[in-house]
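Have a look at the structure first, then work through them one at a time.

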Amino acid sequence: MKKNMMTVVILALLVVNTVMTGIMMFSVMTTNMQVVDLVKKISLAVDVDMGTASGIQTTPNGGGATVDIADIATYNIEDQLTVKLKHDADSTDEKDRYAVVGVTLSLNTKDPDYESYSETLTDQEGLIKDEINKVISSYTYEEIQDISTEQIQQKILQSLQNMYGGSQFICGVSFSSWLTQ
């Protein structure tokens, strides 16, 4: 009789343990999912803040060979750019939104056009800033939040390469700082 009673108690404890484990799993999993989502948002913000280009490629569509880091010279645009973002027609928010961006250009020193164009970059900085402004201001605040900085960098790179007649001596665009508000 004692063995049967002990078996019943063990079985009851096993059922209670299983139920409690299930309850804990559901409560912990929802909290865990929220923490994972928060960590993803923080890591995305840190990645955006770093503004580093993941790979520098010689063609705008990404089909070319990468440029060796030893063959890259950088050109830092002196001032941070403050760019007014496009208003979203669907948004009820009438507030003006801005992006504050520090830009660094990567120049391929092995490109045939490097010698002729690199000497005039300082004189043409206003034109370069204008191209960057055009690209960034074509986005709404919501669009900027939804896409990666790499996509914006790629678009700026294409625009600058087109400005220089298709020359690919500018092989990358990096954001030294990136802030939207």
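**Exercise 1: The nonpolar core**

Take the largest nonpolar core, with its 30 residues, and find which members touch the most others.

*Solution.* Start with the residues: Val-103, Leu-105, Leu-107, Ile-136 and Ile-156 touch the most other members of this core. Next, ask where the core comes from: strand 1, strand 2, strand 3, helix 3, helix 4, helix 5 and strand 4 each give two or more residues to it. Strand 3 supplies the largest share, five residues. As background, nonpolar side chains in soluble globular proteins tend to be buried together.

**Exercise 2: The overall layout**

How many helices and strands does the protein have, and how far can you trust the model?

*Solution.* This is a predicted model, so begin with confidence. The average pLDDT is 83, and 87% of the residues score at least 70. Among the elements, the lowest mean pLDDT, 83, belongs to helix 1 (residues 2-50), while helix 3 (residues 125-137) has the highest, 93. Be careful with residues 49-64, where the pLDDT is below 50; in the model this stretch has 40 contacts beyond near neighbours in sequence.

Now count: there are five helices and four strands. Walking along the sequence, you get the pattern α-β-β-β-α-α-α-α-β. Of the 181 residues, 32% are buried. Finally, look at contacts with a separation of 6 or more: 72% of them join residues 24 or more positions apart.

**Exercise 3: Strand 3 and its partners**

Which strands pair with strand 3, and in what sense?

*Solution.* Go through the partners in turn.

- Strand 1 pairs with strand 3 in the antiparallel sense over five bridges. For a landmark, take Tyr-75, whose bridge partner in strand 3 is Leu-105.
- Strand 2 also pairs with strand 3 in the antiparallel sense, over four bridges. Here Lys-84 has Tyr-98 of strand 3 as its bridge partner.
- Strand 4 pairs with strand 3 in the antiparallel sense over nine bridges.

To finish, check how covered strand 3 is: ten of its eleven residues are buried.

**Exercise 4: A loop residue**

Where is Asp-71, and which residues does Asp-71 touch beyond four places away in sequence?

*Solution.* Asp-71 sits in the loop between helix 1 and strand 1. Setting aside residues up to four places away in sequence, Asp-71 touches Leu-107, Asn-108, Thr-109 and Lys-110. Take Leu-107 as a check: Asp-71 and Leu-107 are 36 residues apart in sequence, with 8.2 Å between their C-alpha atoms.

Notes
Residues are numbered from 1 along each chain as its sequence is written. This is a predicted model: local features need pLDDT of at least 70, side-chain atom pairs count only at pLDDT 80 or more; totals for chains, interfaces and linings use all residues. Side-chain values use heavy atoms; hydrogens and water are left out. pLDDT is the predictor's confidence in each residue, from 0 to 100. Contact means heavy atoms within 4.5 Å. Buried means under 20% relative accessible area, exposed over 50%, partly exposed in between (1.4 Å probe, protein chains only). Two strands pair if DSSP finds at least two bridges between them. A nonpolar core is a set of buried Ala, Val, Leu, Ile, Met, Phe, Trp, Tyr and Cys residues joined through side-chain atoms within 4.5 Å.
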